[in-house]
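Dear colleague,

I am passing on the structure below, followed by notes on what was found in it. Please read them beside the coordinates.

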Amino acid sequence: MVLRVDAKIVIVGCGISGVAAAHRLVNAGFQHVRILEATARSGGRIKTGRLGDNIIEIGANWIHGPSEGNPVFRLARQYGLLDPEALTPENQTIDVGGHLPWVPSILTSSGQKLNTEDIYPAVEMFNELLNEGANFHSQGGEPWASVGDFIRSEVQKRAAEKWKDVDAATKSLRQCVISNMLKMECCFNGSHSMDEVGLGAFGLYESLPGLDCTFPGGYEGLIKNLLSELPSGLVTYSRPIRCVNWNNTEKRGNPVMIECDAGEKISADHVIVTVPLGYLKKHHSALFHPPLPLHKLHSIQRLGFGTNNKIFVEFDSPWWDAACEIIYLLWEDEDVMLDQVPDVQRPWIRKLFGFTVVKPTERYGHILCGWIAGHESEYMETLSEQEVTHSVTQLIRRFTGNPTITPRRILRSQWFHDPWTCGSYSYCGKGCSFQDLENMMEPLPTKGSQAQPLQVLFAGEATHPCYYSTVHGALLTGWREADRLISHYSSISPSEPPKSKL
Ligand code: 6YU
């Protein structure tokens with residue numbers, strides 16, 4: 001069925017969710033769809049950059065779970081954006097439960113190289129606890145408020161039993177491994193500390209089967225292909241939205257009036273807001289008039305939105321093993337199992353849990369990607385590139401015991417200070433439940449109101465009930481909100497104009 005309604009639909013934000021919503025609406029026949037984007041580019045947190053001659057991903061890296069059930073995988077395959085390896089049935093069926101089975105190299109702060117067996121008991125215990133932690137939502141009544149508290153207390157308990165025969169030094173090292181794993185988990189969740197990630201809602205996140213893969217030509221290829229199928233001029237760039245005035249009761253007018261920073265006013269029947277949760281947290285009171293209902297606002301406050309940054313470091317030649325895919329950095333004095341650096345200004349670099357090797361080497365050269373989450377990461381963003389380079393160089397020299405290693409150049413992301421994002425991605429904070437994600441996606445006015453329905457709709461990664469924090473989650477929310485409008489107009493008859501035009 002093709003709907004040819006003349007409803008005016010404005011989409012705020014040209015990230016994947018906004019582009020996906022526009023794509024769906026235009027394909028369904030809507031003729032007055034436009035995207036207003038604050039910046040001069042499309043893609044939002046999908047951002048492909050360059051380090052020298054090499055392509056690097058400043059934002060999203062992987063297709064998490066590239067298999068039939070993942071719409072990003074299906075589109076990337078359709079547009080011919082993936083390596084043949086990623087398309088194989090084997091690649092699609094591997095189920096790693098969201099964690100990648102990388103070949104590790106483990107370095108310590110005294111310059112030692114450890115064997116996998118040295119850390120295995122701690123890694124096994126940590127993963128076991130993560131899996132258990134994810135089950136609480138289905139059982140109810142979690143014993144601790146946060147994942148961090150749960151892991152720390154259970155490690156103490158289980159180590160006293162399972163590791164009772166190991167010597168003190170080995171036990172201490174294993175606890176340092178737990179600290180390292182907690183820091184890595186902060187990157188994965190985009191949280192400052194795992195003490196801020198709610199235990200009850202931890203299991204709401206679902207992973208898809210398939211071994212994570214990348215876009216050889218850059219993630220932005222996905223955005224470019226989708227946009228190329230839309231009418232030119234549909235996106236207006238450098239047009240930040242200051243306020244969404246909804247429930248406009250003026251007779252004959254459209255129910256929504258959008259105010260741009262430049263003073264321009266745009267009227268619409270519907271607006272799909274896709275701004276990141278970080279931006280919403282900071283600007284919700286100015287962004288909506290009348291203000292958001294309290295239950296929605298409380299969910300915006302309860303859900304977490306933290307920072308995960310990357311520091312790309314390029315070398316003339318590799319100092320790591322050819323097979324190595326990830327380098328863990330273990331601080332030997334961190335057996336207190338903490339994932340936070342107490343004085344953020346000095347040893348911020350301690351929060352960097354390690355580096356992934358950007359592969360394949362033939363394509364990218366000798367590049368490592370360091371991962372750092374939390375307030376330490378936000379502080380890192382304020383430093384000059386020289387200061388970051390200095391800290392990273394000292395770190396690598398210390399952990400390798402090689403005082404001559406010198407990076408050729410670095411590039412770091414700065415997501416916290418991006419004024420239109422204010423962080424990296426969302427997680428379920430302490431006290432969060434499924435209801436918070438439901439509240440996030442609820443359109444305005446809420447059910448029961450006599451006003452024109454579906455004036456303000458909400459899409460974006462933080463509004464997906466189980467794939468929040470991902471590109472596929474964001475894309476699905478764009479389709480979901482477009483479908484909401486499509487079925488609305490289908491139910492009131494394709495030829496009937498929207499109420500406001502009557
Ligand atoms: C994924 C991955 N990945 C790394 C890093 C980051 C993210 N993600 P957008 O922000 O894109 O668009 C909104 C637009 O709105 C934007 O253009 C703004 O400029 C605009 N805007 C704002 N205010 C405005 C205004 N006032 N007026 C007009 N316009 C305005 N996802 O699938 N694979 O490898 C990673 C990663 C460093 C920062 C990621 C990854 C997250 C995705 O990038 C992100 O979800 C989507 O791109 C968001 O799209 P959008 O449209 O919603 O917003 C157990 C458990 C654990 C749970 N976590 C699991 C881990 C999964 C996350 N993994 C991440 C890892 C990496 C490395």
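Accessible areas come from the Shrake-Rupley method with a 1.4 Å probe, and for residues only the protein chains shown count as cover. On that basis the chain exposes about 20,900 Å², of which carbon and sulfur atoms supply 51%. This is a predicted model, in which local features need pLDDT of at least 70 and side-chain atom pairs count only at pLDDT 80 or more, while totals for chains, interfaces and linings use all residues. Residues are numbered from 1 along each chain as its sequence is written, and side-chain values use heavy atoms, with hydrogens and water left out.

Along the principal axes, the C-alpha atoms fill a box of roughly 80 × 50 × 45 Å.

The secondary structure comes to 16 helices and 20 strands, these being DSSP runs (H or I, at least four residues, for helices; E, at least two, for strands) numbered from the N terminus. Of the 502 residues, 57% count as buried, that is, under 20% relative accessible area with a 1.4 Å probe and protein chains only.

Leaving aside residues up to four places away in sequence, Ser 17 touches Thr 274, Ala 459, Gly 460, Ala 474, Thr 477 and Gly 478, a contact meaning heavy atoms within 4.5 Å.

With regards

Terms used: Buried means under 20% relative accessible area, exposed over 50%, partly exposed in between (1.4 Å probe, protein chains only).
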